[in-house]
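Please read the points below with the sequence and the model open beside you. They go through the fold part by part.

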Amino acid sequence: MRRAAQFLCFALALAAFADPLPRLYRVEHYDVRIALDPAAGRLTGDAVIRFESVTENLVSLELDAGELTVQSVEEAGKPDYFERQGERLIVVLNAPANPGEPRALAIRYSAAGSKGVEITAAGASAGYFTSHWMPVNDRIENPAALALTIAAPLAWKTAASGELVSERVEASHAVSEWSVDGPPRPPFLYAFASGPFEERKAIVKPTGAPPVTLRILGGVDVLVQTKAALEFFAASTGRAYPRDCYTQVFASGQTGQEAVGLTLLPESYAKNLAAKPQDLWLLAHELAHQWFGIGIPVRSWSDFWLSEGLATYLADTFLERQYGPQRYQTEIARSQSIYQDLKSKGKDRPLSFHDWTTPDQAGGSLPYHKGAAFLALLRTALGDTLFWNNLKAYTRDNWGNRVTSEDFQKSMEKGLLKKAKQREVSKLFDVWVFGQ
Ligand SMILES: [Zn+2]
């Protein structure tokens with residue numbers, strides 16, 4: 001009864017606020033086990049969520065749970081009261097949580113095909129909308145570590161965010177364990193794909209850097225093109241690809257989506273590439289996120305353009321390197337045209353924008369194309385040498401940090417000796433990034 005009364009107060013408090021409430025806890029680690037059932041079009045999951053309260057006497061907490069069917073929530077073997085509020089899961093704790101006290105919720109659930117999640121006989125994949133395949137605090141401000149175990153049909157090949165820890169056969173399933181450790185990552189960068197894919201692999205040895213295994217599941221053979229993009233981004237940013245493996249999966253029903261050490265690409269893109277091998281923009285954009293978005297994540301959705309604009313622009317410059325300046329001009333003109341179109345529809349806003357909270361609200365193409373149009377202007381203003389030197393400085397100084405637009409401006413304004421040029425570049429940031 002007492003739990004129900006507490007929950008009622010919490011629900012009333014929720015209703016009083018239009019904006020999402022702050023979450024007064026931090027998830028440190030997710031340990032998630034999922035079993036894929038393609039015949040039923042579902043997965044079943046067990047998640048252990050280690051968290052810590054950031055306030056005294058936290059009695060309940062809110063998680064994102066998409067359209068998951070939640071069977072049970074327990075703590076230390078005792079059931080917790082839980083309730084759905086739309087796509088959120090509200091859990092009333094058996095005992096209040098306090099700072100400095102590690103706690104863990106065990107949640108049993110299942111998920112069907114939903115936003116960003118495909119589970120069919122042709123394969124299973126999920127990315128970006130993480131709350132639709134595991135319960136999660138999907139706020140970008142709460143990056144966390146992930147251990148993910150996937151049980152898939154025996155003949156399927158699997159890839160997931162992070163490093164492959166182990167593989168085994170268990171109860172007629174291919175079971176693989178993956179780990180996203182090192183710096184914690186925001187949950188929208190967790191993803192997986194599994195299916196009856198053809199697998200291609202190559203080991204590349206970039207100059208002066210450890211070897212990298214390139215892996216492609218499904219689709220077409222783009223090993224050579226991926227190697228060229230990987231080497232170009234390493235040279236442009238001054239930072240070698242940071243992991244020992246990079247996997248691209250051509251999965252059905254997906255738009256391009258970056259994850260830690262993994263990219264999901266749509267099957268339709270494989271058909272494009274087979275017909276037009278120079279159509280490498282999406283491949284390059286998603287790979288560039290291993291530097292901008294993953295190697296250097298943004299602090300909040302406000303500066304999401306630092307991931308999407310930089311990945312777009314780096315892809316444009318890779319195409320410039322591969323196919324010449326005309327191709328670069330075509331890509332920049334495309335971004336400018338998309339941006340002008342958004343502007344004419346009244347959708348313009350500064351690149352650094354503070355009204356986003358969730359992955360849903362961060363959608364749209366403005367951060368990509370206004371971002372790339374701005375970076376093209378910035379490169380012209382700085383000149384090639386200074387632009388690329390400063391981009392290397394930005395990469396070096398911010399690697400592993402969660403950045404803001406101010407961090408980027410600080411790096412890109414280095415080495416400007418003339419006052420007039422300083423004013424010109426500063427004005428570009430004021431107008432395009434900060435909307436002043
Ligand atoms: Zn992107």
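1. Two strands count as paired if DSSP finds at least two bridges between them. Strand 11 and strand 14 (residues 173-185) pass this test with 9 bridges, in the antiparallel sense. Within that pairing, Ala152 stands opposite Ala174 of strand 14. Please keep in mind throughout that this is a predicted model.

2. Strand 11 (residues 144-153) has another partner, strand 1 (residues 25-37), and here the pairing is parallel, over 7 bridges. Ala35 stands opposite Ala151 of strand 11. Is strand 11 mostly covered or mostly open? A residue is called buried if 20 or more other C-beta atoms lie within 10 Å of its own. By that count 7 of the 10 residues of strand 11 are buried, and the strand is mostly covered.

3. The protein is divided into domain 1 (2-195), domain 2 (199-277) and domain 3 (301-433). The centres of domain 1 and domain 3, taken over C-alpha atoms, are separated by 34 Å.

4. There is an open sheet of 4 strands with antiparallel pairing, and the strand order is 9-10-15-12. Which strands lie at its edges? They are strand 9 (117-120) and strand 12 (157-160), each of which pairs on one side only. On average, neighbouring strands in this sheet are turned by 10° against each other, direction ignored.

5. Strand 15 can be followed through its bridges. Strand 10 (residues 123-127) is joined to strand 15 (residues 191-195) by 4 bridges, and the two run antiparallel. In this pairing Ser194 of strand 15 is the bridge partner of Ala124. Strand 12 also pairs with strand 15 in the antiparallel sense, over 4 bridges. There, Ala193 of strand 15 is the bridge partner of Ala159.

6. Strand 3 and strand 7 (residues 88-97) run antiparallel and are joined by 6 bridges. Leu63 stands opposite Leu89 of strand 7.

7. Most residues other than glycine have a negative phi, and most peptide bonds are trans. Asn57 is not a glycine, yet its phi is positive, about 55°. Asn57 lies in the loop between strand 2 (42-53) and strand 3 (58-64). Why does Asn57 count as exposed? The reason is that Asn57 has 11 C-beta neighbours inside 10 Å, and a residue with 12 or fewer is classed as exposed.

8. Ser172, also a residue other than glycine, has a positive phi near 60°. Ser172 is found in the loop between strand 13 (163-170) and strand 14. Ser172 is exposed, because 8 other C-beta atoms lie within 10 Å.

9. The largest nonpolar core has 114 residues, and Tyr30, Ala284, Ala288 and Leu314 touch the most other members. Which helix gives this core its largest share? Helix 5 (residues 305-323) does, with 9 residues. Leaving aside neighbours within four places in sequence, Ala288 is in contact with Phe233, Ala311, Leu314 and Ala315. In soluble globular proteins, nonpolar side chains tend to be buried together.

10. Since 13 of the 17 residues are buried, helix 7 is largely enclosed by the rest of the structure. Gly383 follows helix 7 and has a positive phi, near 85°.

Definitions and conventions
Residues are numbered from 1 along each chain as its sequence is written. This is a predicted model: local features need pLDDT of at least 70, side-chain atom pairs count only at pLDDT 80 or more; totals for chains, interfaces and linings use all residues. Axes are lines fitted to C-alpha atoms, for helices over the stretch in contact, and angles run from 0 to 180 degrees between N-to-C directions. A nonpolar core is a set of buried Ala, Val, Leu, Ile, Met, Phe, Trp, Tyr and Cys residues joined through C-beta atoms within 7 Å. Two residues are in contact if their C-beta atoms, placed from the backbone, lie within 7 Å. Domain bounds come from an automatic or database domain assignment.
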